[in-house]
Amino acid sequence: MKLSDLITDFEKNSNELLAESMEKYMQDKFRFLGIRGGTRTEIYKKYFPDARKTKTIDWDFVERCWNKEEREFQYAVVYYLKAIQRFLKREDISRLKYLIVTKSWWDTVDLLAKVVGSLVIRIEGYDQIMLEWSKDSNIWLRRVAILYQLSLKDKVDEQILDNILVNNLGNSEFFINKAIGWALRDYSKFNPEWVREFIKENKANMTNLSIREASKYLN
């Protein structure tokens, strides 16, 4: 199957009533076709296994989907990239950055953070790009920088994580403070003492939201 046929499959599965409820849930920020997550997953299964066999990223497909108005097409992009992320190349970081800063909202950005993370941990020196993003004026680049080490456990670079989090303390933005708490909560599963110490040292500059999220698994 051609990857581009996924677009036709999505259009065939549109549902106007579901679209209305999905748009409402997402605060009317985007238009939707009205395709449930389970249906989207079944469609992905028809195309992504063959796409992985090519061992290359089809950026034309990414562009076509990203430029479409309905949100499901952006979901197709981020799940496609997640499925084929091991074939990302050094120069693809700029393409990923574009996806983060356009049509931005947590529903695509959070999965893109994982895709970015898969690239950063493979490319020496790319953690410095994350440090730069952690100070960017764009809140979604900051959020990706905060979250890209999620689930890395013993592979987490604690110094980089500390620097990125500190760069974002004192911020009033909900999505930043939520991400700080999320990153700390995730790492507390592996190294609770490090997280306790971070909170102790930075509590005065942390929001209640960040502290509450970070402390969820701490005794």
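Tutor: Let us begin with a term: a crossing is left-handed if the near helix is turned anticlockwise from the far one by less than a right angle, and right-handed if clockwise. This is a predicted model, in which local features need pLDDT of at least 70, side-chain atom pairs count only at pLDDT 80 or more, and totals for chains, interfaces and linings use all residues. Residues are numbered from 1 along each chain as its sequence is written, and side-chain values use heavy atoms, with hydrogens and water left out.

Student: In which hand does α5 pass α7?

Tutor: The crossing of α5 with α7 is left-handed. Helices here are DSSP runs (H or I, at least four residues), numbered from the N terminus.

Student: At what angle do α5 and α7 pack?

Tutor: The angle between α5 (residues 71-83) and α7 (residues 106-120) is about 15 degrees, and their axes are 9 Å apart. Axes are lines fitted to C-alpha atoms, for helices over the stretch in contact, and angles run from 0 to 180 degrees between N-to-C directions. The two helices α5 and α7 are therefore roughly parallel (under 35 degrees; over 145 is roughly antiparallel, 65 to 115 roughly perpendicular, and the rest oblique).

Student: Which residues make that contact of α5 and α7?

Tutor: From α5 they include Y75, V78 and L81, and from α7 they include L111, L112 and V115; contact means heavy atoms within 4.5 Å. By class, the contact of α5 with α7 has 7 nonpolar, 2 polar and 4 charged residues. Ala, Val, Leu, Ile, Met, Phe, Trp, Tyr, Cys and Pro count as nonpolar, Asp, Glu, Lys and Arg as charged, and the others, Gly among them, as polar.

Student: Now another pair: how do α6 and α9 cross?

Tutor: The axes of α6 (residues 93-101) and α9 (residues 139-147) come within 8 Å and cross at roughly 120 degrees. That makes α6 oblique to α9. Their crossing is right-handed. K97, I100 and V101 of α6 meet W140, L141 and V144 of α9, a contact of 5 nonpolar, no polar and 1 charged residues.

Student: Moving on, is S188 buried or exposed?

Tutor: S188, in helix α11 (residues 174-188), is buried, with a relative accessible area of 4%. Buried means under 20%, exposed over 50%, and partly exposed in between (1.4 Å probe, protein chains only).

Student: What does the side chain of S188 reach?

Tutor: The S188 side chain reaches the backbone oxygen of R185 at 2.6 Å. R185 also lies in α11 and counts as buried at 17% relative accessibility.

Key
Polar contact = N/O pair within 3.5 Å; in protein donor to acceptor, adjacent residues only side chain to side chain.
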